[in-house]
Amino acid sequence: MKNNIKYVKWGLTAFLVVLGGIISYYVIFHLNNLKAAISGIVVVLMPIIDGLVLGYLITPVVNAIEHKMIKPIFKKLHINHKKRQRRTISIVVALLIIIVALYAFFSIIIPQIGNSIKTIIEQLPSYVDTVTMWTSQLLENNPIIEKRVTDLINTYFTDIEKFINSKMMPQLNSLIMTVSMSIVSILKEFWNLIIGFIISIYILASKETFAAQAKKVTYAFLPTETANRLISNMRFANKTFGGFFVGKIADSIIIGLICFIGTSILGTPFCVLISVIIGVTNIIPFFGPFLGAIPSLLLILFVNPMQALYFLIFVIVLQQVDGNIIGPKILGNSTGLSSFWVIFAITLFGGIWGIFGMIVGVPIFAILFAFMKSLIEMKLVNKDLSPETSKYLRLVAIDTDTNSYVDFSEDTKRPFEKIDRIQIKNKENDQQNRQHHKNQNSRNRNTDDDLK
């Protein structure tokens, strides 16, 4: 029986090796067919994907309404209810809040943004005159520099005006025609979104059941210890991802509102458009404030250079308040990354996925970083070494006899000689340990032969 099990394992291993070779060959030499097949599957499952994404994004709103509003009201009024009834009311209230917010945004903000863009295009020549006049006043004591700067401004703004009239507007008309001709595709995407919205309601209603089923499958096919670690990692990933996005969206909405109030008080032109730009770009960590402030500053500079200076001071103060007060209060330490790793994640994923990568790169990298940190610390603990980073700041070597840490302060005159001595001793110890294990294995084999 034992021999049969051994042969079955060998056969299964051989089958998996052959199967892996076939898959590798297909992936290498038929990559385009594989991409087309994956794209087809994604298109078919797009309503499900939309539903999962919408359900994940709406879940924090539903949880907050259920636990902080509906449940306390029922408890205070002594109303007997089931959890399903409470969940249904929470979902309805959350969806109503989201629909009203979206309607307010599209009905109030979008028209004002459109009017601002139209005004910018129509009054571009007058903005050129304003900048030219302001430059002339600034450089009136330097006529040579004034003339060169004025000619440069006129040249560039003339090129911009030609570009808008000759290229941008015809392309805009062409884009409108293309969108009109692609109405079927737009309706299909809208239909997928509607189906996804309906699916998200079912996901929200039974999210605990789906989570329990996923855990059940995990424990059924994986060893218990591995399943525990996987579920713990998934909970951490969900906490990091959800906490980052929900907190960042709330932070961006607050910053947008504060920016609108501040720019309205200062009399800044295009305050609605600029507030939307600042709020939306604030979702991108670290680089977001700069990406939003630069185009906003240029827009204001065309209309009123002094207002541009006031806006620059205001936005610097606003970003400092966000970075030191509002952001930490809302986000806390949801990612656990230092500033360097945040910049690294944004640069890496931004280069791979563009703007989308700059938004999702930080939480994704935070999850990978936490996984590697946990793995490294576990391996250090298994070697009876400290996982604390402070122990390695001035480390030059580790003594294997005592696991003691040797740093620069212990031998400043000849540190490399001390390292060499420790390494030689460690090498000798390793050789002795290998020889000991070899002798032990030889004795065990002799004992087995004697027993046979």
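**Close-up views of a predicted model**

Both glutamate 66 and arginine 87 are buried. The legends below describe a predicted model.

**View 1. Glutamate 66 pairs with two arginines of helix α4.** The side chains of glutamate 66 and arginine 87 form a salt bridge with an N to O distance of 2.8 Å. Glutamate 66 belongs to helix α3 and arginine 87 to helix α4, so this pair ties together parts 21 residues apart in sequence. A salt bridge also joins the side chains of arginine 86 and glutamate 66, at 3.2 Å from N to O. That pair links distant parts of the chain, with arginine 86 in α4 (residues 83-122) and glutamate 66 in α3, 20 residues apart. Glutamate 66 has a relative accessibility of 0% and therefore counts as buried. Arginine 86, at 10% relative accessibility, counts as buried because the cut-off is under 20%. In general, side chains of opposite charge can pair when their charged atoms come close.

View 2. The closest N and O atoms of the two residues are 3.3 Å apart. Arginine 229 and glutamate 225 are four residues apart in α9, so about one helical turn separates them. As a general point, an α-helix has 3.6 residues a turn, so residues three or four places apart point the same way. Arginine 229 is partly exposed, with a relative accessible area of 37%. Glutamate 225 is exposed, with a relative accessible area of 58%. Elsewhere, salt bridges that share partners connect Glu66, Arg86, Arg87, Lys207 and Glu208 in one network. The structure holds five salt bridges.

View 3. Helix α9 has 43 residues and spans 62 Å from its first C-alpha to its last, close to the 63 Å expected at 1.5 Å a residue. Glycine 267 follows α9 and has a positive phi, near 75 degrees. Threonine 263 is located in α9, which covers residues 224-266. With 0% relative accessibility, threonine 263 counts as buried. Apart from neighbours within four places in sequence, threonine 263 contacts Thr268, Cys271, Ser275, Phe311 and Phe314.

**View 4. The largest nonpolar core has 17 residues.** The residues with the most contacts inside this core are Cys259, Ile274, Ile278 and Phe311. Helices α9, α10 (271-281), α11 (288-303) and α12 (305-331) each supply at least two of its residues. The most, six residues, come from α12. Isoleucine 274 touches Cys259, Thr268, Pro269, Ser296, Ile300 and Phe311, leaving out residues up to four places away in sequence. A second, separate core of 13 residues includes Leu337, Val342, Ile346 and Val362.

**View 5. Helix α10 is largely enclosed by the rest of the structure.** Nine of the eleven residues of α10 are buried, which is why the helix is described as largely enclosed. The buried residues of α10 are Cys271, Val272, Leu273, Ile274, Ser275, Val276, Ile278, Gly279 and Thr281.

**View 6. A nonpolar surface patch involves helices α2 and α3.** The patch covers about 950 Å² and is made by Ile38, Ile41, Val42, Val44, Leu45, Ile48, Ile49, Leu52, Val53, Tyr56 and Leu57. Helices α2 (31-44) and α3 (46-76) each contribute at least two residues to the patch. The largest share, six residues, is from α3. Leucine 52 lies in helix α3, and valine 53 lies in helix α3. Valine 53 has a relative accessible area of 44% and is partly exposed. The C-alpha atoms of valine 53 and glycine 196 are 8.6 Å apart, although 143 residues separate the two along the chain.

**View 7. The whole chain, for context.** The protein chain contains 15 helices and two strands. It has 452 residues, of which 25% count as buried. The accessible surface of the chain is about 31400 Å², with 68% of it belonging to carbon and sulfur atoms. Among contacts between residues at least 6 apart in sequence, 59% join residues at least 24 apart.

Notes
Residues are numbered from 1 along each chain as its sequence is written. This is a predicted model: local features need pLDDT of at least 70, side-chain atom pairs count only at pLDDT 80 or more; totals for chains, interfaces and linings use all residues. Side-chain values use heavy atoms; hydrogens and water are left out. Buried means under 20% relative accessible area, exposed over 50%, partly exposed in between (1.4 Å probe, protein chains only). Contact means heavy atoms within 4.5 Å. Patches are made of residues with over 30% relative accessible area and no salt bridge: like charges are joined within 9 Å, nonpolar side chains (Val, Leu, Ile, Met, Phe, Trp, Tyr) within 5 Å. Accessible areas come from the Shrake-Rupley method with a 1.4 Å probe; for residues, only the protein chains shown count as cover. A salt bridge is a side-chain nitrogen of Lys or Arg within 4 Å of a carboxyl oxygen of Asp or Glu. A nonpolar core is a set of buried Ala, Val, Leu, Ile, Met, Phe, Trp, Tyr and Cys residues joined through side-chain atoms within 4.5 Å. The expected span of a helix is 1.5 Å times one less than its number of residues.
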